[in-house]
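Trainee: I would like to go through some labels and ask what stands behind each. Shall we start with the display?

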Amino acid sequence: MIRVRFPDGQSEAERAVRKLPWVVVTQDPGILALEGEKNHDEDNAAIQAALRSAYKKKWSDPRSALFQLVSIETQAGCNASCGFCPVSRATDPRPSGVLPMDVMERIAANLADLEYSGRVALFGNNEPLLDSRIVDKVRMFRKRLRGVDLRLLSNGTLADVRRVRDLFEAGLTTLTLNNYTDGRSLIRPVRDLLASAELFVDHDVRVSVRRRDEVLTTRAGLAPNKLAPARPPPMAFVHYRSATCIFRTPGSSIPAASTPMGACPSVELAIAALRQSGSMRD
Ligand SMILES: C[S@@+](CC[C@H](N)C(=O)[O-])C[C@H]1O[C@@H](n2cnc3c(N)ncnc32)[C@H](O)[C@@H]1O
Ligand code: SF4
């Protein structure tokens with residue numbers, strides 16, 4: 001079954017998809033959560049309230065202390081350039097590299113030794129379908145770990161019908177495609193998959209139609225189109241690794257001066273000195 005989630009429910013593409021056989025349009029976040037539905041303060045509070053004690057209990061029992069999710073980035077890099085993503089091809093500074101098959105085999109063997117039966121996500125901060133051996137890797141994991149929930153998350157640009165069939169035949173459990181466009185239209189490979197949806201009635205394919213210019217979380221400050229911070233960065237801070245106090249002049253993000261920690265006994269004193277010299281706003 002292919003399930004598709006549109007963000008607003010108004011587009012022509014959505015109306016067309018609703019008419020297709022073997023395709024279901026869904027708004028169920030349990031199946032496909034949109035980024036905006038994750039990482040909220042309320043979610044974190046709910047996790048603290050509802051899950052923390054349950055997990056504490058679970059993990060204190062040595063028989064059930066095993067992790068439930070393993071994520072493996074089989075090949076670095078991406079072929080897309082989403083505005084919010086630190087690994088878009090426009091911004092990712094990492095060299096490309098492939099995790100060799102023998103390393104993957106060792107991981108699978110170790111997990112099999114542990115009788116692992118949780119989820120294995122064969123992607124990380126990358127585009128997994130760029131890996132020309134991804135089908136082989138899925139097959140190898142399925143062979144060694146019969147009971148795992150084996151998943152891929154992809155931007156769908158390389159998800160042609162044949163390859164998707166091969167992935168499921170190799171043992172994939174779920175394929176989720178992020179269709180990054182203007183949030184209303186579908187990319188060609190997704191249109192082709194939907195037109196062949198009958199082939200996937202017994203499989204779990206999910207499509208999320210998204211805007212490639214969304215503004216998401218900052219990813220530790222690395223996201224390229226993150227919102228500017230609500231407050232300007234501080235005028236003075238301690239850089240612990242180099243053990244220096246660093247001063248910044250107002251309106252500039254470039255450090256203007258630094259002094260060794262020894263000459264700057266505390267941040268409070270440094271701030272007081274800066275305030276006195278008039279180069280520090282409250
Ligand atoms: C890095 S992608 C890897 C898989 C594939 N390339 C894709 O985009 O579906 C994994 C997830 O990270 C999310 N992501 C990327 N940058 C993000 C950011 N700045 N904040 C939150 N999520 C982000 C993407 O939207 C996607 O759902
Ligand atoms: S979100 Fe996914 S598709 Fe978009 S640039 Fe990042 S890794 Fe590539």
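Mentor: Start with Glu115, which lies in the loop between α3 and β4 (119-121). Helices (H or I, at least four residues) and strands (E, at least two) are DSSP runs, numbered from the N terminus. The model is a predicted one, in which local features need pLDDT of at least 70 and side-chain atom pairs count only at pLDDT 80 or more, while totals for chains, interfaces and linings use all residues. Residues are numbered from 1 along each chain as its sequence is written, and chains are lettered from A and ligands numbered from 1 in the order in which they are written.

Trainee: What makes Ala220 count as exposed?

Mentor: Ala220 has 7 C-beta neighbours inside 10 Å, so it counts as exposed. Ala220 sits in the loop between β7 and β8 (236-239), and its phi is positive, about 55°, although it is not a glycine.

Trainee: Why is Val103 called exposed?

Mentor: Val103 has 12 other C-beta atoms within 10 Å, and therefore it is exposed. Val103 belongs to helix α3 (residues 101-113). From C-alpha to C-alpha, Val103 and Thr74 are 9.9 Å apart in space and 29 residues apart in sequence.

Trainee: What makes Arg94 count as exposed?

Mentor: Its 11 C-beta neighbours inside 10 Å: Arg94 therefore counts as exposed. Arg94 is placed in the loop between β3 and α3.

Trainee: Why is α2 called hardly covered?

Mentor: The count of buried residues among the 20 residues of α2 is zero. β7, by contrast, is mostly covered, with six of its eight residues buried.

Trainee: How do you know that the reach of α2 is close to what is expected?

Mentor: The expected span of a helix is 1.5 Å times one less than its number of residues. Helix α2 (residues 41-60) has 20 residues and an expected span of 28 Å; from its first C-alpha to its last, it reaches 27 Å, which is close.

Trainee: Where in α2 is the kink centred?

Mentor: On Leu51, with a kink of about 50°. The bend at a residue is the angle between axes fitted to the seven residues ending there and the seven starting there.

Trainee: How do you know that β1 and β7 pair?

Mentor: Two strands pair if DSSP finds at least two bridges between them. Strand β1 (residues 2-5) and strand β7 (residues 204-211) have four bridges, in the parallel sense. Arg3 stands opposite Arg206 in β7, and Ile2 has Val205 as its bridge partner in β7. Three bridges join β1 to β2, also running parallel, with Ile2 opposite Val23 in β2. Strand β6 (residues 174-181) runs parallel to β7 and is joined to it by eight bridges; there, Leu175 stands opposite Val205 in β7.

Trainee: What is the order of the strands in the open sheet?

Mentor: The seven strands have the order β2-β1-β7-β6-β5-β4-β3, with parallel pairing. β2 (23-25) and β3 (69-71) are the edge strands, each pairing on one side only.

Trainee: Which residues are around ligand 2?

Mentor: Among them are Cys78, Ser81, Asn126, Glu127 and Tyr180. A residue is near a molecule or strand if its C-beta atom, placed from the backbone, lies within 6 Å of it. The shell around ligand 2 divides into six nonpolar, four polar and one charged. In these classes, Ala, Val, Leu, Ile, Met, Phe, Trp, Tyr, Cys and Pro count as nonpolar, Asp, Glu, Lys and Arg as charged, and the others, Gly among them, as polar.

Trainee: How many residues surround ligand 1?

Mentor: There are 17, and the closest are Cys85, Asn178, Leu216, Thr217 and Ala223. By class, the ligand 1 shell has eight nonpolar, six polar and three charged residues.
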